[in-house]
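The structure is shown first, and the notes follow.

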Amino acid sequence: MVQWKKLFGLDNQDHHGFRDEMRRLLPSNTDDLVPSAMPPAAVTKVALRLKYQIEQVVPYELEEWKVTKANSPVITRKVIRTAKEAAGKEHEACVVYCLLVCYRWFKRQANIEPWDADLLNVRAVACEVLAKQLIELEEDQEYLLQDLLLKRYSILVNGEETEPANAVERAVDLHALRVIGSSGYQKCISYLWKGWLIQDDQYPSNFIAWDNKANTNYWDHFDPDRMRAPVYQNAVQIFFSIFFLALYTCAINTINSTGDLDVVEGVLYLMTAGFIFDEVAKFWKVGRYYIGFWNVFNSTLYALLCVSFITRLIALGHPVGDAGGQRRKFNELSYNFLAFSAPMFWMRLLLYLDTIRFFGAMLVVLKVMMKESLIFFALLIIIMIGFLQAFIGLDQIDDNARVTSFIMQAMLNSVMQSPDFDGFENFAPPFGLILYYVFTFVVMVVLLNILIALYNSAYADITDNAIDEYMALFSQKTLQFVRAPDENVFIAPFNLVEVFCLIITFEWWMPTARYERLNNYVMGFLYSPLLCITAYIETKQAHRVKRNRRHGERDEDTTEEWEQMANEVDFESDGWAKKVEGTKPNVETDVAVVEIRELREQVEELKKMVSGGRGKEEGG
């Protein structure tokens, strides 16, 4: 299959490039940032050492499967051991981060030097595989989470230090699927998602272990700060999204002919204001890099609702039963804008369902398809402009404005596979009709097939790695929550309470400690129904954690079906383990290599027998 992304240069994961290295990854309202755990110059030197190692390990273009297979002859145990020694014993934890830096370097170099792109891409894959092996071979879980994945480092770019980042964030930013799919990485994401690893109160960009994981006291879990956990923020967002949709459905099905605002519509527009404040606040703190597909989508929906609200206010400005019918006119226009936004309301629900595997994988497919369709639309616009100019030039009789409108409609019909040939018979026959036939052929046969090929390639690429893509999407969503700009979590539309009842009223004059305490009281009141549920869930989890610790198991372990009777069998004593050991195949070594080794042993034995027989003959 043709790799369209490679052909058009869209497979480069370094499209954020320098920006990802230089921007702040975890904005907060604390001015002090956690410094790099190691001097940036030293981290850069470690990355250069690893880059040199990868260049020697992959000296020329290799097939990718040789690097990625389980018992790779390229990424061997010796290579992994050498990579760990690149930073010395004291700073081993930075190796995974430095490998991801090397991954970005090789991807960038492949984009700059396309003649060596295949070799450089294989080297980038080698960085991924090596980082994944280092994560999965680490047995110390605390060291894995706190140091290997979450400790923050900087490098030097153009003589300047980059903002500190950790391996978890860097892997998501670079879309390093193999690293994201490793077991240790997913365990870290799971801990972040459940709130078992939380942001430090003093330095929100640093992560610490949650102390009450094994605390079975119910009221110790009734804590407003637990709303920082992504799992609870996601639950609240899903609830408000469904509630927002229910309000809209009720409002659009109960039209007020007099133009008056009822309670349902009032709450609907109030929630819209909360969502708008949330988007503006995040854009203000994060900057233009916050803008993405869903941000633009939501902003469009909110703009339509704002227009609907404004036209409703204009309608209310006219008296009931006015002679000109202006109140009725603007009231109908308001409901038209409200009805027009119905598909976007339902599509918006998908944004909060991406934690479900099916929806998550399909959203990734749609995102990639929309990105690759830019190629089609770029070609289409250029071709349409050329043919539009030709059609206008062929008709010198009619008014250009009227002709342009007709031609544009006919060309759009052709794009939608409904061409109209009759209207072009008067365009300087036979040139106009011939030109329209050519345009229709180019659009319907050539361009649309290119679009289909792009979509097919995108769908195949994503579905082949559906599980990894889902884990990458889930990891990205988790980090979006922990990268929240605010230390106090007021989820829209509760942010209206924060803005008008706390920030404007108290923040500018109240001491910081007292203001933080007031925030906790308000959050506790707003989230109290949810906190009653979360405290009960976490209390049950705490009992399971204590039980696991008594049995020497991991905190998150659960007893599955195949483990329920594991203590009642002993494969060593009944001889089953020995029987299996004698019949299991050697999967670590290729079959041909095993047979050659056996043949060599037989040849050696034969040589010994021959040499022994010859010695006896000479002695006799």
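Is D147 buried, partly exposed or exposed? D147 is partly exposed, with a relative accessible area of 21%; buried means under 20%, exposed over 50%, and partly exposed in between, computed with a 1.4 Å probe on protein chains only. The model is predicted, with local features requiring pLDDT of at least 70 and side-chain atom pairs pLDDT 80 or more, while totals for chains, interfaces and linings use all residues. Residues are numbered from 1 along each chain as its sequence is written, and side-chain values use heavy atoms, leaving out hydrogens and water.

**Salt bridges**

- A salt bridge here is a side-chain nitrogen of Lys or Arg within 4 Å of a carboxyl oxygen of Asp or Glu.
- The count under this rule is 17 salt bridges.
- Side chains of opposite charge can pair when their charged atoms come close.
- D147 pairs with K151 in a salt bridge whose closest N and O atoms are 3.2 Å apart.
- K151 has a relative accessibility of 30% and counts as partly exposed.
- K89 and E92 form another salt bridge, with 3.7 Å between the closest N and O atoms.
- In that pair K89 is exposed at 72% relative accessible area, whereas E92 is buried at 17%.
- E64, E128 and R178 are joined in a network of salt bridges.

- D354 forms a salt bridge with K477, and their closest N and O atoms lie 3.2 Å apart.
- This pair connects distant parts of the chain, 123 residues apart: D354 sits in the loop between α16 (342-348) and α17 (357-394), and K477 in helix α20 (residues 466-482).
- Helices are DSSP runs of H or I with at least four residues, numbered from the N terminus.
- D354 is buried, with a relative accessible area of 8%, and K477 is buried too, at 6%.

**Two helix positions**

- N331 belongs to helix α15 (residues 326-340) and counts as buried at 3% relative accessibility.
- Leaving aside residues up to four places away in sequence, N331 touches N256, S257, G259, R312 and A315, where contact means heavy atoms within 4.5 Å.
- H543 lies in helix α23 (residues 528-550) and is partly exposed, with a relative accessible area of 43%.
- H543 and L174 are 369 residues apart along the chain, and their C-alpha atoms are separated by 38 Å.
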